[in-house]
Amino acid sequence: MTQAWIVIGLLAVGTAAIKGAGPLVLGDRPLPQRAVGVVALIAPAVVSALVIYETFADSPDGIVVDARVAGLAAAGLALLARLPMIVVIVIAAAVTAGVRALL
Amino acid sequence: MHTTPRTYRDGIRLALPLVLPTLAIGISFGVLAEPVIGATAATVSSIVVFAGSAQVAAVTVLEGGGAIAAAVVAGLLLNLRFMPMSFAITPNLRGSRWRRAAEAQLIVDASFALSADGQGGFNREVMIGGWVPQAVGWIGGTVIGVLVGGIIPEPATLGLDAIFPAFFLSILVGEARANSSERVLQAIALATVITLALLPWAPPGVPIIAASAAALLGLRR
């Protein structure tokens, strides 16, 4: 049990340091010129990775193809049809649940 | 959808679709963690660490009899993805170094993704607002999980796990529509390939960190 509290304490401190790293290093200065082009691509890169990760990641690690792929494909079609985000999400969940029930 | 979100309220509203799946995953974490570390530690962990995948990874290591160091490294490796996000958003935070560092604590995947304006900038109010529904879902879910966990159906049965990729895909498509420069599309393609290539064998967390390196394409003139 003590072990768990040590892990939680270290994780909390480490995560706070990671999230605070940008401000602690940069302060209130603007980004260096060379970094501006890189920073502009961080959101698209990270969000793309999250799409793949949330679709294909197996628990606790590895890769798996399951009903989430069908849900993501349905979400893609819904986005092409320019449906609102909430509708896209409901469709993805419904298709995934349906396919999973059939498999 | 085409008015640019810029207030705390916009952030809260945009993150609302994630409350239910986050609550469900929070419940799953509570159910998993309670027998391993106890109800109090599980709840405190969700408040002070507040990073789902890292907490699950750490508890999984402890459950398997792993060492403290292994559990901490597993968790921090997953959270390292917040470092590039932190650097990216810093110029759009407010106040002194320490005030900005405090605001940056509200970076989570969803709040960061929502705050990106597609032009390389970030909206501080949307990031902060977007954190709120995530906190309610995650901490609330953990409490429900440790108290009454077993009686709730698996989130996967309801397809709730597919909400996360659909949510991030919606954000990605929005970003790509706001700025479909060749460079953005190349970064998306490269990050996708890196993640898929590393996912089967790299330790959890590493694929996303590695994929953020696709942003280095921005070094080209």
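Me: What average pLDDT does chain A have, and how many of the residues score at least 70?

Reply: This is a predicted model. Chain A averages a pLDDT of 90, and 99% of the residues score at least 70. Among its elements, helix α2 (residues 33–56) of chain A has the lowest mean pLDDT, 88. Helix α3 (residues 68–80) of chain A has the highest, 97.

Me: What makes chain A more spread out than a compact globule?

Reply: Start with the makeup. Chain A has four helices and zero strands, in the order α-α-α-α. For 103 residues the globule rule gives 13 Å; the radius of gyration of chain A is 20 Å, well over that value, so the chain is more spread out than a compact globule. Its C-alpha atoms fill a box of roughly 50 × 45 × 25 Å along the principal axes.

Me: What part of the contacts joins residues at least 24 apart in chain B?

Reply: In chain B, 68% of the contacts between residues at least 6 apart in sequence join residues at least 24 apart. For chain A, residues 24 or more positions apart account for 31% of the contacts with a separation of 6 or more.

Me: How do you know that A:I18 counts as buried?

Reply: The cut-off is 20 or more other C-beta atoms within 10 Å. A:I18 has 20 C-beta neighbours inside 10 Å, so it counts as buried. A:I18 lies in helix α1 (residues 2–26) of chain A. Leaving aside neighbours within four places in sequence, A:I18 is in contact with B:N79, B:L80, B:F82 and B:M83.

Me: Which phi values stand out at A:R82 and B:F50?

Reply: Most residues other than glycine have a negative phi. A:R82 is not a glycine, yet its phi is positive, about 60°. B:F50 is not a glycine either, and its phi is positive at about 45°. A:R82 is in the loop between α3 and α4 (85–102) of chain A. B:F50 is in the loop between α3 (39–48) and α4 (52–63) of chain B.

Me: Are A:R82 and B:F50 buried or exposed, and why?

Reply: A:R82 has 10 C-beta neighbours inside 10 Å, so it counts as exposed. B:F50 has 24 other C-beta atoms within 10 Å, so it is buried.

Me: Why are the buried residues of α1(B) said to line one face of the helix?

Reply: The buried residues of helix α1 (residues 8–15) of chain B are B:G11, B:L14 and B:A15. Seen down the axis of α1(B), they fall within an arc of 90°, so they line one face. What covers them includes α8 (109–115) and α9 (124–148) of chain B.

Me: Which residues have the most contacts inside the largest nonpolar core?

Reply: They are A:A92 and B:A58, and the core has 110 residues. Its largest share, 15 residues, comes from α2(A). Beyond neighbours within four places in sequence, the contacts of A:A92 include A:G71, A:L72 and A:A74. Also among them are B:A162, B:I163 and B:A166.

Me: How many residues of chain B are in contact with chain A, and what kinds are they?

Reply: 86 residues of chain B are in contact with 68 residues of chain A. Helix α10 (residues 163–178) of chain B gives the most to that side of chain B, with twelve residues. The residues on that side divide into 62 nonpolar, 17 polar and seven charged.

Conventions:
Residues are numbered from 1 along each chain as its sequence is written. Chains are lettered from A and ligands numbered from 1 in the order in which they are written. This is a predicted model: local features need pLDDT of at least 70, side-chain atom pairs count only at pLDDT 80 or more; totals for chains, interfaces and linings use all residues. Two residues are in contact if their C-beta atoms, placed from the backbone, lie within 7 Å. Helices (H or I, at least four residues) and strands (E, at least two) are DSSP runs, numbered from the N terminus. Ala, Val, Leu, Ile, Met, Phe, Trp, Tyr, Cys and Pro count as nonpolar, Asp, Glu, Lys and Arg as charged, and the others, Gly among them, as polar. A residue is buried if 20 or more other C-beta atoms lie within 10 Å of its own, exposed if 12 or fewer, and partly exposed in between; C-beta atoms are placed from the backbone. The arc is that of the directions from the helix axis to the C-beta atoms. The radius of gyration is taken over C-alpha atoms; the globule rule is 2.2 Å times the number of residues to the power 0.38. pLDDT is the predictor's confidence in each residue, from 0 to 100. A nonpolar core is a set of buried Ala, Val, Leu, Ile, Met, Phe, Trp, Tyr and Cys residues joined through C-beta atoms within 7 Å.
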